[in-house]
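Subject: Structure handover

Hello,

I am passing on the structure we spoke about, followed by notes on what was found in it. Please read the notes with the model open.

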Amino acid sequence: MSELKVILFRDEAWESMPEALKRRVAAGVDRIRSQLVFIAARARVRTMPRIIVQPCVWHDRGQIVDATLCTLVSTPGHPELGVVVSATVALCEDEAVVRDVLMHEVGHCFETARKLVDQADLGSPASDLRGDPADEARDRRMLPEMADWFVGSTGSFMQWGTQPIVPTAEIQGLLDAGFLSLSDPPLMSPGTPSIPADWTGHIRSLRSG
Ligand SMILES: [Zn+2]
């Protein structure tokens with residue numbers, strides 16, 4: 001297994017948080033890391049996407065957004081597919097829910113990579129990759145067959161439901177107290193992300209299988 005990277009973004013929002021909340025978020029980062037280990041152990045590829053934890057709350061048109069697929073640029077000029085999660089995922093103490101959220105976003109990374117590799121190899125239309133992340137039908141189209149990417153998986157990916165992963169009143173309380181801040185979800189950076197070689201190989205093997 002290659003090295004797993006879960007990185008807490010220690011920005012101004014983090015610095016201004018009370019210590020007790022910092023400890024809760026840090027414990028959440030540990031939970032996220034252990035769930036990523038669980039997921040990586042079952043994945044049919046070695047490389048896992050990098051996970052960034054942004055300790056703030058995202059709102060999109062009045063809805064809380066917990067996590068998103070994103071283009072990450074850890075080395076300038078080398079965008080890669082990764083996952084960014086917000087404070088709500090770090091504060092969610094239900095490990096099964098955290099795992100489902102991460103599986104869903106890692107699934108988006110795999111399916112996006114498949115579309116990019118197919119586009120390069122077979123000339124499939126780039127329009128597949130555009131669209132509104134809040135469109136539920138598109139969200140389902142942007143998830144792969146679970147068994148193509150995970151060993152022993154016959155299940156399906158979690159779909160975003162109406163049930164918040166952390167009680168809304170709790171998040172609202174932290175926002176009202178000024179302990180957490182509100183921002184827009186991160187956007188995909190321009191530029192085509194590079195795809196790990198083991199993903200590309202796996203994507204090509206799925207075509208013949
Ligand atoms: Zn999704």
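In what order do the four strands of the open sheet stand, and what is their pairing? The order is 1-2-6-5, and the pairing is mixed. Please keep in mind throughout that this is a predicted model.

On average, neighbouring strands here are turned by 35° against each other, direction ignored.

Strand 2 (residues 51-54) pairs with strand 6 in the parallel sense, over four bridges. Val 53 has Val 85 of strand 6 as its bridge partner. Two helices pack on the sheet. Helix 2 (residues 19-42) touches strand 1, strand 2 and strand 6, and its direction makes about 165° with that of strand 1. Helix 4 touches strand 5 and strand 6, with its direction at about 160° to that of strand 6.

Strand 5 (residues 67-75) and strand 6 (residues 78-86) run antiparallel and are joined by seven bridges. They form a hairpin with two residues between them. Thr 75 stands opposite His 78 of strand 6, and Gly 77, in the turn, has a positive phi of about 85°.

Helix 2 has 24 residues and spans 35 Å from its first C-alpha to its last, close to the 34 Å expected at 1.5 Å a residue. Its buried residues are Gly 28, Arg 31, Ile 32, Gln 35 and Leu 36. An α-helix has 3.6 residues a turn, so residues three or four places apart point the same way. The buried residues of helix 2 pack against strand 1, strand 2, strand 6, helix 3 (87-91) and helix 4.

Helix 4 (residues 95-122) has 28 residues and reaches 39 Å between its end C-alpha atoms, close to the 40 Å expected at 1.5 Å a residue. Gly 123 follows helix 4 and has a positive phi, near 70°.

The core

Which residues have the most contacts inside the largest nonpolar core? They are Ile 32, Val 83, Val 85, Val 89, Leu 102 and Ala 113, in a core of 45 residues. Helix 4 gives the most to this core, with ten residues. In soluble globular proteins, nonpolar side chains tend to be buried together.

Apart from its neighbours within four places in sequence, Val 89 is in contact with Gly 28, Ile 32, Asp 66, Ala 67, Val 98, Val 101 and Ile 165.

Strand 3 (residues 57-60) pairs with strand 4 in the antiparallel sense over three bridges. The bridge partner of Trp 58 in strand 4 is Val 65.

The loop between helix 6 and helix 7

Two residues of the loop between helix 6 (146-149) and helix 7 (168-176) were looked at, one of them Pro 167. Is Pro 167 buried or exposed? Pro 167 counts as exposed because it has 11 C-beta neighbours inside 10 Å, and the limit for exposed is 12 or fewer. Pro 167 and Thr 88 are 79 residues apart in sequence, with their C-alpha atoms 9.3 Å apart in space.

Met 158 is also in the loop between helix 6 and helix 7. With 16 C-beta neighbours inside 10 Å, Met 158 counts as partly exposed. Leaving aside neighbours within four places in sequence, Met 158 is in contact with Asp 100, Met 103 and His 104.

The chain as a whole

The chain has eight helices and seven strands. Of its 209 residues, 33% count as buried. The radius of gyration is 17 Å, which agrees with the value near 17 Å for a compact globule with 209 residues. The C-alpha atoms fill a box of roughly 55 × 35 × 30 Å along the principal axes. Among contacts with a separation of 6 or more, 76% are between residues 24 or more positions apart.

Regards

Notes. Residues numbered from 1 in each chain as written. Predicted model: local features only at pLDDT ≥ 70, side-chain atom pairs only at ≥ 80, totals over all residues. Pairing = 2+ DSSP bridges. Expected span 1.5 Å × (residues − 1). Core = buried A, V, L, I, M, F, W, Y, C linked by C-beta atoms within 7 Å. Buried ≥ 20, exposed ≤ 12 C-beta atoms within 10 Å, placed from the backbone. Contact = placed C-beta atoms within 7 Å. Axes fitted to C-alpha atoms, helices over the stretch in contact; angles between N-to-C directions. Rg over C-alpha atoms; globule rule 2.2 N^0.38 Å.
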